[in-house]
Amino acid sequence: MKASRPHDELVVEMLKADPDMADVYLATALEEANLPGGQFALLAALRHIAEAQGMASVAEKAGMPRESLYRALSPRGNPTIKTLLAVLAASGLQLGVTRTEQHA
């Protein structure tokens, strides 16, 4: 019987195999950020995307030490907006804003 593999590892592998999946993955995490556990899931999504693209490479493109990136995207991390935007840009992504239905 094949041993099960950690969820994080599988997600990173899927993102490596299909880099375009990062768009949908992060958009979904952003949409759910206000739900219970949503901020943790958003941070995990950013970490998965960075790991799939190579943490050292993303850190270099973001202009920050690799260790700082690991710390910012760790489960206990709390990245600043500057770090968030730098990581997104280094990953080839950007934030988007849409009006919620209740305010449309």
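Is Ala 29 buried or exposed in this model? Ala 29 is buried, with a relative accessible area of 9%, where buried means under 20%, exposed over 50% and partly exposed in between, using a 1.4 Å probe and protein chains only. Before the close-ups, please note that this is a predicted model, in which local features need pLDDT of at least 70 and side-chain atom pairs count only at pLDDT 80 or more, while totals for chains, interfaces and linings use all residues. Residues are numbered from 1 along each chain as its sequence is written, and side-chain values use heavy atoms, with hydrogens and water left out.

**View A. Ala 29 and Leu 42.** Ala 29 sits in helix α2; helices here are DSSP runs of H or I with at least four residues, strands are runs of E with at least two, and both are numbered from the N terminus. Between the C-alpha atoms of Ala 29 and Leu 42 there are 4.9 Å, although 13 residues separate the pair along the chain.

View B. Ala 45 belongs to helix α3 and counts as buried because its relative accessibility is 0%. The C-alpha atoms of Val 87 and Tyr 25 are separated by 15 Å, and the two residues are 62 apart along the chain.

**View C. The largest pocket.** A pocket is found on a 1 Å grid over the protein atoms alone, as an open set of points with protein on both sides within 12 Å along at least five of seven lines; a cavity would be a set where a 1.4 Å probe fits but cannot get out. Lining residues have an atom within 4 Å of a point. The space in the largest pocket is about 510 Å³, a volume being the space filled by probe spheres set on the points, which are joined across faces, edges and corners. Of its 15 lining residues, Ala 27, Leu 30, Glu 31, Gly 96 and Thr 98 lie nearest the centre. The lining comprises seven nonpolar, five polar and three charged residues. In this scheme Ala, Val, Leu, Ile, Met, Phe, Trp, Tyr, Cys and Pro are nonpolar, Asp, Glu, Lys and Arg are charged, and the others, Gly among them, are polar.

**View D. The second largest pocket.** This pocket holds about 240 Å³ of space. Its lining includes Gln 39, Phe 40, Leu 42, Pro 75, Asn 78 and Ile 81. Elements giving two or more residues to that lining are α3 (38-53) and α6 (81-90), and α3 gives the most, with five. By class there are eight nonpolar, four polar and no charged residues.

**View E. The salt bridge.** The structure has one salt bridge, meaning a side-chain nitrogen of Lys or Arg within 4 Å of a carboxyl oxygen of Asp or Glu. Arg 66 pairs with Glu 67, and their closest N and O atoms are 3.4 Å apart. Arg 66 is partly exposed, at 38% relative accessible area, and Glu 67 is partly exposed at 44%.
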